[in-house]
Number of protein chains: 2
Amino acid sequence: MANGYTTDLSEDEIRPSTDAPEVVVQRLPLYVRVLAQFDAADAEMVSSEQLGSQLHMTPAQIRKDLSYFGRFGKQGRGYNVKRLSLELRSILGLDRQWNVGLIGVGRLGRAIIAYPGFKPEGFHVVAAFDADPSVIGSSVGGIDVRSIDQIKQTVAELDIQIGIVAVPASNAQSVFDALVEAGIKAILNYAPVAPQVPQDVKVRGVDPVLALQSMTYFLKS
Amino acid sequence: MANGYTTDLSEDEIRPSTDAPEVVVQRLPLYVRVLAQFDAADAEMVSSEQLGSQLHMTPAQIRKDLSYFGRFGKQGRGYNVKRLSLELRSILGLDRQWNVGLIGVGRLGRAIIAYPGFKPEGFHVVAAFDADPSVIGSSVGGIDVRSIDQIKQTVAELDIQIGIVAVPASNAQSVFDALVEAGIKAILNYAPVAPQVPQDVKVRGVDPVLALQSMTYFLKS
């Protein structure tokens with residue numbers, strides 16, 4: 001990162017971001033979304049107060065989060081909306097295409113293939129895998145379903161960087177093992193399991209309990 | 001809330017929490033988890049600095065978030081781990097049982113029924129629904145699968161407060177409509193759609209794009 005990304009900031013303004021905590025990185029996409037809202041409202045500049053107001057975070061927290069990645073704002077002038085958005089998208093790697101392999105072509109897998117939200121954001125599902133012989137060889141949403149035995153070979157062949165796991169819990173760990181073996185470093189996990197993966201592999205799960213726990217507050221009010 | 005929850009704080013220490021922003025409420029379960037880690041490490045007291053360090057949030061942000069719900073800490077002494085955890089669990093409604101209805105008994109739905117993480121946290125899946133006549137009437141994980149036409153009647157009969165939607169995208173909105181019609185106010189959505197619901201109904205979705213966007217950062221480093 002520190003050596004890799006281009007920016008219109010001068011060299012001495014760039015701080016290395018290798019020490020940005022993971023939870024801060026996880027907040028950046030929210031910033032990108034809020035910036036898109038300000039941009040859609042034709043706002044040219046935005047303050048950390050305005051960003052904080054949208055995200056219900058203190059302005060100091062916003063400034064601290066952003067400071068891990070560079071100096072984007074001018075004291076008292078706030079942030080240029082378009083520029084900060086472009087910078088954050090670049091930092092997050094959202095300005096390029098990512099090839100995604102989907103494992104599990106059941107109901108959920110089919111819905112994922114059909115999901116219209118991925119491609120506009122640069123995530124292209126280019127391969128699908130299943131263990132069921134009756135599904136292997138068929139085409140789902142224009143994608144040929146391969147055997148999960150072909151994961152490693154296909155990841156190399158199609159330059160796949162991201163895996164999406166949509167298999168039953170009982171099969172999930174073996175699928176994770178296969179993805180790790182194939183060199184995949186980022187996995188979106190729909191299976192309700194806590195997979196074992198090496199430290200350099202990122203897994204984002206749908207955590208249903210966490211989601212439920214933030215709704216019960218409103219039920220009991 | 002302001003009138004409803006019991007606590008060992010004296011009356012004048014309790015601030016109404018009706019104005020707690022939703023994103024702050026969404027952070028509370030994370031606090032509960034981190035407090036459980038401190039408790040497991042036999043820590044009696046914890047400071048906003050220590051909590052902030054675990055969550056990579058500024059101590060001021062932690063204190064501000066908690067201030068929406070009451071005055072939990074003593075200046076300079078920090079928070080009592082067990083007490084704060086109990087208070088937050090009470091505030092979030094995690095100290096009781098919630099009855100959950102699952103709609104969609106495909107692969108994902110079956111995995112949700114089998115997921116061992118719900119019950120220890122108080123979420124009991126007490127009913128399952130599907131549109132497929134070949135599945136209706138069967139038993140999945142000890143739960144009888146009913147027709148989705150029976151949602152309203154079953155919600156009333158079994159005192160269901162939460163819905164989990166695990167149907168294909170094409171069927172999702174009609175399921176949301178049925179849950180809303182049945183009086184459900186909290187829905188966990190696994191379908192890759194943005195459902196239309198009334199303002200007083202909370203929906204937590206798995207947002208796959210947001211999850212992917214927070215991983216690509218690590219891929220490009």
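**Entry 1: strands β3 and β4 of chain B**

I count two strands as paired if DSSP finds at least two bridges between them. The model I examined is a predicted one. I looked up strand β3 (residues 98-103) of chain B and found that 6 bridges join it to β4(B), the two running parallel.

**Entry 2**

I next looked up strand β6 (residues 143-147) of chain B, which pairs with β4(B) in the parallel sense over 3 bridges. Here I recorded B:V145 in β6(B) as the bridge partner of B:A128. How many of the 8 residues of β4(B) are buried? I found 6 buried residues in this strand (residues 123-130), so β4(B) is largely enclosed by the rest of the structure.

**Entry 3: the sheet of chain A**

I turned to chain A and traced an open sheet of 7 strands with mixed pairing, in the order β5-β6-β4-β3-β7-β8-β9. Its edge strands are β5 (139-140) and β9, each of which pairs on one side only.

**Entry 4: the nonpolar core**

Which residues touch the most other members of the largest nonpolar core? Among its 125 residues, I identified A:V165 and B:V165. Helix α1 (residues 22-40) of chain B gives the most to this core, namely 8 residues. I listed the contacts of A:V165 beyond four places in sequence; among them are A:I103, A:F176, A:I187 and A:Y190.

**Entry 5: the two chains together**

I superposed chain A on chain B by a rotation of 180° with 0.0 Å of shift along the axis, at an RMSD of 0.0 Å. The two copies are thus related as by a two-fold rotation axis. The same surface serves both copies, as 100% of the contact residues of chain A recur in chain B.

I noted that the contact takes 58 residues from chain A and 58 residues from chain B. On the side of chain A, the elements that each supply at least two residues include α1 (22-40), α4 (81-92), β8 (186-189) and α8 (208-213). I recorded the make-up of that side as 38 nonpolar, 12 polar and 8 charged residues.

Note on methods. Residues are numbered from 1 along each chain as its sequence is written. Chains are lettered from A and ligands numbered from 1 in the order in which they are written. This is a predicted model: local features need pLDDT of at least 70, side-chain atom pairs count only at pLDDT 80 or more; totals for chains, interfaces and linings use all residues. Copies are superposed by least squares on the C-alpha atoms of residues with pLDDT of at least 70 in both. Two residues are in contact if their C-beta atoms, placed from the backbone, lie within 7 Å. A residue is buried if 20 or more other C-beta atoms lie within 10 Å of its own, exposed if 12 or fewer, and partly exposed in between; C-beta atoms are placed from the backbone. Helices (H or I, at least four residues) and strands (E, at least two) are DSSP runs, numbered from the N terminus. A nonpolar core is a set of buried Ala, Val, Leu, Ile, Met, Phe, Trp, Tyr and Cys residues joined through C-beta atoms within 7 Å. Ala, Val, Leu, Ile, Met, Phe, Trp, Tyr, Cys and Pro count as nonpolar, Asp, Glu, Lys and Arg as charged, and the others, Gly among them, as polar.
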